[in-house]
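The following note sets out points for discussion on the structure shown below. Each numbered point treats one region.

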Amino acid sequence: MQTGNMQTKNIIYLDNAATTRVRQEAVLAMEPYFSQYYGNPSSSYEFGMISDNVMEKGRKILSGIIHCNPDEIYYTSGGTESDNWAITGTAFANYEKGNHIITSKIEHPAVKNACEYLKSFGFDISYIDVDNKGTIRLDQLEQAIRKETTLISVMTANNEIGTIQPIEEIGKIARKHQILFHTDAVQAFCHIPIDVRKAGIDMLSVSSHKFGGPKGVGFLYIKKGTEILPFMNGGHQENNMRAGTGNVPGVAGMTEAAGYASENLGNLMRYEIMLRNYMIRRIFQEIPLCRLNGHDSKRLPGNINISFEYVDGGALLGLLDLRGICVSTGSACSAKTSTPSEVLKAIGLSDEMAHSSIRISLSALNTREEIDYVIQSLKEDVQELRQKSAKFQEKMEIRRKMH
Ligand SMILES: *Cc1c(COP(=O)(O)O)cnc(C)c1O
């Protein structure tokens, strides 16, 4: 991988589930708060209030998007922190009530490892199965509930295969049994509509850099009245729940990006779905022996996850990289390890098919011309790798003999 003289203008970026390009308008929105209006939002003079106004205006806009109150938005450093806070904060606050937490087998490591961490404190975690499209088994979820269960954490949409979960149904189950419901909406927020009231969500995690905002900032929605411990001890910021001077430029950028995405959500979704379906259709028409992983329709607008039989996903990523095309195998977090993706295993793929998959995640910045070029590249690179595969050649030989 070359990094020194990377020409970003020649890049075809199809890894928007890993991170996104910061919108120019978001960069401009951040700029004044570095060296011009650099006051501390907690200071009482006018100069500090300018910074505080950024934080409060953000809370207003962000809360409007998910249909909650502004004082239910708590800024964090991003998705990982929001997930850790929601899970450990409610687990410890409700320890007297019970030590059982329910989650799914396809959660992001930020949720999964927060749950694993709690095991050493005596918590018991149930990991619920998903079906072969990646949808959580609601029957199993409800059966797993005990009187000690205090929290259900299920993601709104999956980062690898894009499957959108039935969160309203999960919310209903949680409410019926008076259990808290947290959802990791990092992939979903500003990509599909979300209504925390309608879905009965008590906590929801968001990260700015997944929808055109800067890295290192996000928020956790916490429904008023939720039993949860503060995440950081220190000053009185974030209503005494998350101490530390706020990331004012980050919040300004996140708010701009969220405002744009939410106002244009319908059009952005339609465009991404059009590109996605066009790409899937052509891949299946022009490249034999592939499999689409995830749900056909209950799927994030920009997500494509495909296994190419007899092809190593990592090798394919490497060939595409030589052409300046950025895709991913599994999730960015497991890209550098060779254990197969747990998400792909959970939907029933063999180790071999899991290793044969790549994730393509589109944004509204991608063009039809880019997609045409990527499809042609995929055709050539998949063919090249299959020609080198002894197993593929063997299979072709058997076919020739049969006909
Ligand atoms: C990216 C991502 C996270 C982590 O967010 P960061 O802001 O990078 O810490 C958590 N959950 C999901 C589903 C993600 O896609």
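1. Asp71 sits in the loop that joins helix 3 to strand 2; helices (H or I, at least four residues) and strands (E, at least two) are DSSP runs numbered from the N terminus. The model is predicted: local features require pLDDT of at least 70 and side-chain atom pairs pLDDT 80 or more, while totals for chains, interfaces and linings use all residues. Residues are numbered from 1 along each chain as its sequence is written, and side-chain values use heavy atoms, with hydrogens and water left out.

2. Asp71 counts as partly exposed because its relative accessibility is 41%; buried means under 20% relative accessible area, exposed over 50%, and partly exposed in between (1.4 Å probe, protein chains only). The side chain of Asp71 forms a polar contact with the side chain of Lys224, at 3.0 Å. A polar contact is a pair of N or O atoms within 3.5 Å; within protein, one must be able to donate a hydrogen and the other to accept it, and residues adjacent in sequence count only if both atoms are side-chain atoms. Asp71 and Ile222 are 151 residues apart in sequence, yet their C-alpha atoms are 8.9 Å apart.

3. Which residues touch the most other members of the largest nonpolar core? Of its 51 residues, they are Ile66, Ile152, Phe189, Leu204 and Phe219. Such a core is a set of buried Ala, Val, Leu, Ile, Met, Phe, Trp, Tyr and Cys residues joined through side-chain atoms within 4.5 Å. The largest share of this core, 7 residues, comes from helix 10. Apart from it lies another core of 28 residues, including Ile280 and Val374.

4. The buried residues of helix 12 (residues 313-322) are Gly313, Leu316, Leu319 and Leu320. Viewed down the axis of helix 12, these residues fall within an arc of 120 degrees, so they line one face of the helix; the arc is that of the directions from the helix axis to the C-beta atoms. Gly324, which follows helix 12, has a positive phi, near 85 degrees.

5. The ligand is surrounded by 13 residues (a heavy atom within 4 Å), and helix 4 (residues 79-93) supplies the largest share of this shell, 3 residues. An oxygen atom of the ligand is 2.6 Å from a side-chain N or O atom of Gln187. A polar side-chain atom of His209 lies 2.9 Å from a ligand oxygen atom. The protein covers 86% of the 380 Å² of accessible area that the ligand has on its own (Shrake-Rupley method, 1.4 Å probe).
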